[in-house]
Amino acid sequence: MTDLTPAQQRAVDAAMARSSARQEQAAVTPKQRVRTMAQGLTLGTADEMEARARSLTTGRPYEEVLNEIRGQVKSYQEAYPKSSMGYEIGGAAIPTAAAMIAAPFTGGGSTAAVAPSLVRMAGMGALEGGAYAFGTGEGGFGQRAERIPGGVIGGAVGGAVGGAATRAAGGAFTALADSARRLVGRRGSSIVENEIQRLAEQTKRTPDEIADDIVNGRILAENATIRQAVRSLKVSGGEPSRILTEGLTQRPTKTREAAMSELRTYLSDVGAPSSLQAQRRSEDVASAAESAAYRQFEGMPAPDDVVMALQDTLRRVPSASKEVEIALRAQTGEAPFYKILEDGGVEFTRTPTVAEAERVRRAVGNRASALYRESMGGAGEAVSGVEKGLRGSLDVGVPDLASARTQAAAVRQQSDVFKAGRGALVGDVNERLMEFDRLTKPEEIEAYRAGLMAALEARAATPSRQSMIRNLFDPTMKEGQILRAVFPEDQIDNVLYRLETAKESQETVGRVLGGSDTTASQVEASRRGMGLSAGDITGVLSGSPDAIVKLASTISSRFARDLTDAERGRVAQILISENADLVRNAIQDQSAMATLKRKVEELSARSSQAARRASTVGVAAPASEFSGEALRGLLAQ
């Protein structure tokens, strides 16, 4: 053995002396394991909580008790530096470890089953590290705060490193469990469930999402992603072909009627056979009310001022007298109550009634409208002025007539708006949108919506009903734009969901039940029963180990057979089933290997959390000490 130099010998002697001193100190120093673990558990505040409790129960001064506890813990840390740090770090991991133990009794809900991202782990570590640095500090607020920067930085680093390392290890175990699940057994308890699970995976939707779709009127077979697979199953013939044909044939009608029902709920009277009939019924009721309101004026003699205004009106607009004459002869069979003289004057054969004067006013108004339509604006304006003069005399002489006229005008306006709604799908879409935007009264908006519903009902009874459904769902089409503008905004999502369901149903029937077999169908048929998706095949071609393991399992002798006709029939029944629980149970993987994989994932996530917290305390402890000393040194300068 090489002889040591004097300097080296002195260094060895000094090290041995220090070791002997530590051993002697350890021999006489009481262990503070529980207190040290409590410090880690409470992020450095256990000593203060204990001192407060002992002070209250013994009457000793708080500071005296606190200094005593801290002195004992510090002596233990100096005598047993490694084990004391281990206990403190272990204490920090207690909450997550306790949750892991409780998980079997709480259904796994005591902690998150998914490990957080590295950024989030670093953020949580920074918060906990800062809290630990402040909690383990001594002195006033300022002295404790000096330790926080180091604790935050150290906690962030420790949290990210510790959590990431454990998560990486857990990921390896998860991958191993998943590969074992695929290799040892099929994902479901039967080959039928395996096939349903393979198809459901391609939709990229969870079992609960698929079940919700079924509750809301959609079936698994109508998902566009697996439509080709359903087509392949149908063209295979036998029992599945019959089941799919019978199940899908009526679906477009059923889903379209559901969409139309949703539309009518917010556009028209849901109690009427159709929106048009509802409007006609409303107009009949209003017309009867109008007739009753005008009946009181039938035998009422017109006031003198009204008679003079009526005479002047017939003289100025003799063409209107023809309409009045025709109406009177049709209603009473008698000649008019006036004569048109050769010089253009008017002579009454008797005193006209208020109702007769009102009929003349309407006839003059109709004549003015006709002149406007014939592009004779000047003449129309002049005749309209005459009508307004007679109306003014009537309103002054017979005040109740104005109220009846307002009521009748409202009925006619509502009828006109309904007709405008019926034409909403015809012509320039921008003009139709502006037409609707001009409506302000609630009753007019309701009438327009009812008119639109009448137009939709009429089109739903024609061969163009399929394109109508597609166009209503499409926001770029005229029908889609009109619907979104007219329909109540807070309910539009519901009806769009129904329309999309009807559209998918129509397209599924066209793709699955129509046309001829294709190469894609043949490829899909070759994968049936194998548990392979298109993504799995792509993974094999790219050299993915997981995909290769899965491929190896599918070609094993245990599963190297296609589905029987009865099994394919069962698959078809599940695809068209409207029983949400049945489909959910078929999709969910209940096998023992799947359960093992989930447990490994949960354990991995919880272990990652525990390691993150322990690592946070381990790194934050020295970092906070360094931070405190560095800041005190800077402030002292």
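A polar contact is a pair of N or O atoms within 3.5 Å; within protein, one must be able to donate a hydrogen and the other to accept it, and residues adjacent in sequence count only if both atoms are side-chain atoms. The model is predicted, so that local features need pLDDT of at least 70 and side-chain atom pairs count only at pLDDT 80 or more, while totals for chains, interfaces and linings use all residues. Residues are numbered from 1 along each chain as its sequence is written, and side-chain values use heavy atoms, with hydrogens and water left out.

**Exercise 1.** Determine where Gln491 lies and which side chain it joins in a polar contact.

*Solution.* Begin with the location: Gln491 is in the loop between helix H24 (478-486) and helix H25 (492-512), where helices are DSSP runs (H or I, at least four residues) numbered from the N terminus. Next, take the side chain, which makes a polar contact of 3.1 Å with that of Tyr266. Finally, compare the accessibilities: Gln491 is buried at 18% relative accessible area, whereas Tyr266, at 28%, is partly exposed (buried is under 20%, exposed over 50%, partly exposed in between; 1.4 Å probe, protein chains only).

**Exercise 2.** Classify the ring pair of Tyr266 and Phe487.

*Solution.* The whole structure holds 4 aromatic pairs (ring centres of Phe, Tyr or Trp, the last by its six-membered ring, within 6.5 Å; planes under 30 degrees apart are stacked, over 60 edge-to-face, the rest tilted). For Tyr266 and Phe487, the centres are 5.7 Å apart and the planes stand at 70 degrees, so the pair is edge-to-face. Because Tyr266 belongs to helix H14 and Phe487 to the loop between H24 and H25, the pair ties together parts 221 residues apart in sequence.

Terms used:
Helices (H or I, at least four residues) and strands (E, at least two) are DSSP runs, numbered from the N terminus.
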